[in-house]
Amino acid sequence: MPQNEYMERHRKLYGRRLDHEERMRKKAAREVRRVSTQAKKLRGIKAKIFNKKRHAEKIQMKKTLAMHEERKSTKKKEPDVPEGAIPAYLMDREGQVRAKALSNMIKQKRKEKAGKWSVPLPKVRAVGEDEVMKVVQSGKRKKKGWKRIITKHTFVGDGFTRKPPKFERFIRPMALRSKHAHVTHPELKATFKLPIIGVKKNPSSPLFSQLGVITKGTVIEVNVSELGLVTTGGKVVWGKYAQVTNNPENDGVINAVLLV
């Protein structure tokens with residue numbers, strides 16, 4: 001076995017810790033403090049290199065924040081020549097027009113990044129791991145319990161390939177995989193059967209979003225190219241988000257409302 005592949009092999013055999021995602025989140029949150037401590041301790045050429053790197057990062061961050069800032073900017077109005085004479089007190093006054101600095105596309109990107117949308121179901125019941133996953137005993141004597149079988153509807157892409165059964169930790173049954181959703185357009189008051197592109201966010205857990213578990217309140221991305229929706233710039237909209245409004249495991253189908 002090549003060097004340094006023992007960790008990957010161990011992960012395939014035994015999987016990750018159940019709290020791996022939470023530990024990674026906490027580690028990322030502590031990173032800021034670690035960087036701050038390091039900046040205080042460094043001296044000499046190492047400090048110069050570190051500060052140069054941080055300076056570049058901060059400039060990039062400020063540029064991103066400036067682009068995503070939601071505020072109104074003022075710009076000078078083009079001088080228009082009025083018909084006829086105007087009063088003296090209006091001659092040196094500049095007209096100003098209020099213009100929005102952000103387009104709809106940038107707002108949508110910011111919403112995607114923050115994971116916040118105005119949804120039909122703002123509050124849903126949280127679904128626990130014990131409800132979504134069932135422990136599968138494995139091994140020669142059925143003593144190992146690291147495998148989990150998903151008991152809810154899931155979505156997997158077209159290019160999905162299962163791992164070998166020996167190394168597969170999360171088993172998604174074929175009977176519970178869904179590729180289409182019945183999406184209702186709130187303004188048109190019509191329902192369409194649209195193909196699912198992916199699972200954007202499951203409110204119960206980031207792990208469920210990663211595995212593609214679809215429960216009530218999940219935000220999914222659907223292909224709306226058939227509907228002929230266009231942007232303000234005239235481009236055809238390919239994918240839009242929709243929120244699941246039913247319990248797919250009870251009904252056998254996925255019903256959702258388009259977020260417009």
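**Close-up views of a predicted model**

**View 1. Surroundings of Lys134.** Not counting residues up to four places away in sequence, Lys134 touches Lys147, Arg148, Ile149 and Thr151. The structure shown is a predicted model. Lys134 lies in strand β3, which covers residues 133-138. Its relative accessibility is 53%, and because exposed means over 50%, Lys134 counts as exposed. Ile171 is 37 residues from Lys134 in sequence, and the two C-alpha atoms are 9.7 Å apart.

**View 2. Surroundings of Val257.** Strand β12, made of residues 255-258, contains Val257. With neighbours within four places in sequence left aside, the contacts of Val257 are Pro120, Val183, Thr184, Pro186, Ala242, Gln243 and Thr245. One of these, Thr184, is 73 residues away from Val257 in sequence, with a C-alpha to C-alpha distance of 4.9 Å.

**View 3. Helix α3 from end to end.** Helix α3 runs over residues 44-68 and has 25 residues. Buried residues in α3 are Ala47, Phe50 and His68. An α-helix has 3.6 residues a turn, so residues three or four places apart point the same way.

**View 4. The second largest pocket.** The volume of the second largest pocket is about 550 Å³. Its lining has 23 residues, and those closest to the pocket centre are Lys163, Arg169, Phe170, Gln210 and Leu211. By residue class, the lining of the second largest pocket holds twelve charged, seven nonpolar and four polar residues.

**View 5. The whole chain, for reference.** The chain has seven helices and twelve strands. Of its 260 residues, 25% are buried. The accessible surface of the chain is about 19500 Å², and carbon and sulfur atoms account for 54% of that area. Counting contacts between residues at least 6 apart in sequence, 49% join residues at least 24 apart.

Terms used. Residues numbered from 1 in each chain as written. Predicted model: local features only at pLDDT ≥ 70, side-chain atom pairs only at ≥ 80, totals over all residues. Heavy atoms only, no water. Helix = DSSP H or I, 4+ residues; strand = E, 2+ residues; numbered from the N terminus. Expected span 1.5 Å × (residues − 1). Buried < 20%, exposed > 50% of the residue type's maximum accessible area, 1.4 Å probe, protein only. Contact = heavy atoms within 4.5 Å. Areas by Shrake-Rupley, 256 points an atom, 1.4 Å probe, with all protein chains shown as cover. 1 Å grid on protein atoms, 1.4 Å probe; cavity = no way out; pocket = protein on both sides within 12 Å on 5 of 7 lines; lining within 4 Å. Points joined across faces, edges and corners; volume = space filled by probe spheres on them. Nonpolar A, V, L, I, M, F, W, Y, C, P; charged D, E, K, R; others polar.
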